[in-house]
Amino acid sequence: MDFSFTKQEELFLQMIREFAEKEVKPLAAEVDEEERFPMETVEKMAKIGLMGIPIPTQYGGAGGTNIMYGMAVEELSRVCATTGVILSAHTSLCAAPILESGTEEQKMKYLPKLASGEWIGAFGLTEPNAGTDAAGQQTIAVEDGDYWVLNGSKIFITNGSYANVFIIIAMTDKSLGTKGISAFIVEKTDPGFSIGKKEKKMGIRGSATTELIFEDCRIPKDRQIGQLGKGFNLAMKTLDGGRIGIACQALGIAQGAMDETVKYTKERKQFGKSISQFQNTQFQMADLETKVQAARLLCRKAHYNKDHGLPYSAEAAMAKLFAAETAMEVTTKAVQFHGGYGYTREYPVERMMRDAKITEIYEGTSEVQRMVIAGKLFK
Amino acid sequence: MPDTTEVKINPVTGTLIREGVPSIMNPDDKGGLEFALQLKDQYGAHVTVITMGLPQAEAILREALAMGVDRAILLTDRKLGGADTLATSSAIAGALRTMDFDLVITGRQAIDGDTAQVGPQIAEHLDLPQVSYMEDLKYDEATKTFTIRKQLEDGYQILEMQAPCVVTALASAVKPRYMSVSGIVTAWDKEVEVWGADRINVPEDRIGKAGSPTSVFKAFPKQLKPAGETFEVTPEEAVELIVNKLKEKHII
């Protein structure tokens, strides 16, 4: 068993830490406060190839590993969870299904644009009446000559108003249930497609979370992706990968809160000494540090499996479940350690606690992760 | 280069304690590299990076490859060890004599020695024109002329030089690019050429310890200055106070 990084991964970690510290961290509070999508950061990320880390070079990507991609989401989220999820949704939820299920033509058409960051990607599965029960899709796609015509709407779509290309899940034959669900590639400029309302959120406030509306949206036949009637499987497989990205986001948030709390408790003096010198602080922080490291190992193992063509569905669920709940616990305690200051926006732990909550909800709630893990256990 | 913001000096031997100190690319050299890569972006320049050092300096050359340089050379040999700035510049000039180039860019100075001598010495060894403290660079392809803005303490000069020539660059003048992801992924696919003293054709009494006339008398950590005095006075009183203090110290 080898826990060491490759030379490339080590150098990558050095680069992404510097990038996160110098380019992303200074904007984090502002992006949150103003609920502003950090387009300038995305452009900087695109310039150095961060929007296409695990995309093979023949499709214009960097040809890196999923371990590297996970490191990127972690290190970005450590300073700004908004930036982390922009990269995660783009890579895991849009580029990955095209890479894994697209035809050669679809890959050649979309992956170079996504990998270079010229286009941003998104994914639409959730509907007002189809959340955790994703099989209850009400968006329908009907064949019409050389076209598919889509009608319906999607909600809570990350990158919604900034994305150029979307993977959309829709019902193609209602009588077949989940076997009547198919997947499509929709472009921002397609007729009948529009962006609906933007959500006002508790955390990750800089990420553009919007509704997508399809009103007789006509797309060419060749935009259907994967096998007809296998869209539900494509969506579930996509989420398996996406969950590792979100696990890395949660891990990053937790690490960021640990960093802030170590710094603060060493500086803050009460009763004549630094609060880091109290055993209560030390024991609680030791427990949290152990959980953060355990979460990191689960994240890396899940990405390792994906990189090596091994099954990763349950590993992804465990990584996300544990990392998300760790992020919530660490950030909640980080605020507590900061006392009254931690409740204010003067310190980043207030934002981190708000950002952490979503990781227990999106791309499968913690309850869904438990269903996936139990499903494997009792199969 | 050890990260000198983290390095300490052994008070007994007076030498740098390098153990556990992360190695970084020297900031002025990184600035110089960015200028070179901009010439590559704009004019298709072929960029070679050369460093002299211990075998582990390869790590920094990999970083340069990941930033986009075309060729990397590591000059390393026991015979080159213990070199002061003169012996270092003799060795590097020896390597440069074997190559074709239009422009040599060095960092202004290294963060460990802060001498700012190696670049200008290279120019002298090669008998080439030089401008130090470069903060901006333009190139005219037709005339093969570089227009250089040189930083001065109280302003700047604009100078023109014909290729081939030597400049020393300032880190503060430019924001170096990040290594690209694909650059990192492929950084080990390229060769870091390892050159020994036999490749450079410089007499042995000009390189390494033998070629180094400098001897370090003493190295010591800077002592902390005592806290300054604070006076709350009006501007008029302040003038008199400052003038008296300067007189006390025989500065005026």
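Which residues of α1(A) are buried? In α1(A), the buried residues are Gln8(A), Leu11(A), Phe12(A), Met15(A), Ile16(A), Phe19(A), Ala20(A), Glu23(A), Val24(A), Ala28(A), Val31(A) and Asp32(A), where a residue is called buried if 20 or more other C-beta atoms lie within 10 Å of its own, exposed if 12 or fewer do, and partly exposed in between, with C-beta atoms placed from the backbone. This is a predicted model, in which local features need pLDDT of at least 70 and side-chain atom pairs count only at pLDDT 80 or more, while totals for chains, interfaces and linings use all residues. Residues are numbered from 1 along each chain as its sequence is written, and chains are lettered from A and ligands numbered from 1 in the order in which they are written.

Helices (H or I, at least four residues) and strands (E, at least two) are DSSP runs, numbered from the N terminus. The expected span of a helix is 1.5 Å times one less than its number of residues, so the 27 residues of α1(A) should span 39 Å, and this agrees with the 38 Å between its end C-alpha atoms. Even so, α1(A) has a kink of about 45° at Val24(A), shortly before the proline Pro26(A); the bend at a residue is the angle between axes fitted to the seven residues ending there and the seven starting there. After α1(A) comes Glu35(A), which has a positive phi near 50°.

The cover over the buried residues of α1(A) includes α2, α3, α4 and α9 of chain A, together with α2 and α5 of chain B. Helix α9 of chain A, residues 349-358, is itself mostly covered, with eight of its 10 residues buried, and these buried residues pack against α1, α4, α6 and α8 of chain A.

**Where the chains meet**

Two residues are in contact if their C-beta atoms, placed from the backbone, lie within 7 Å. The contact between the chains takes 13 residues from chain A and 12 residues from chain B. On the side of chain B that touches chain A, the elements giving two or more residues are α2 (58-67) and α5 (181-186) of chain B, and α5(B) gives the most, with four residues.

**The sheet in chain B**

Chain B has six helices and 10 strands, and 35% of its 252 residues count as buried. Five of the strands form an open sheet with mixed pairing, in the order β5-β9-β6-β7-β8 of chain B, where two strands pair if DSSP finds at least two bridges between them. At the edges stand β5 (103-107) and β8 (155-162) of chain B, each of which pairs on one side only.

| Strands | Sense | Bridges | A bridge pair |
|---|---|---|---|
| β5(B) and β9(B) | parallel | five | Thr106(B) and Thr168(B) |
| β6(B) and β9(B) | parallel | three | Val131(B) and Val167(B) |
| β6(B) and β7(B) | antiparallel | six | Asp140(B) and Thr145(B) |

β6(B) and β7(B) form a hairpin with four residues between them, and Lys144(B) in the turn has a positive phi of about 50°.
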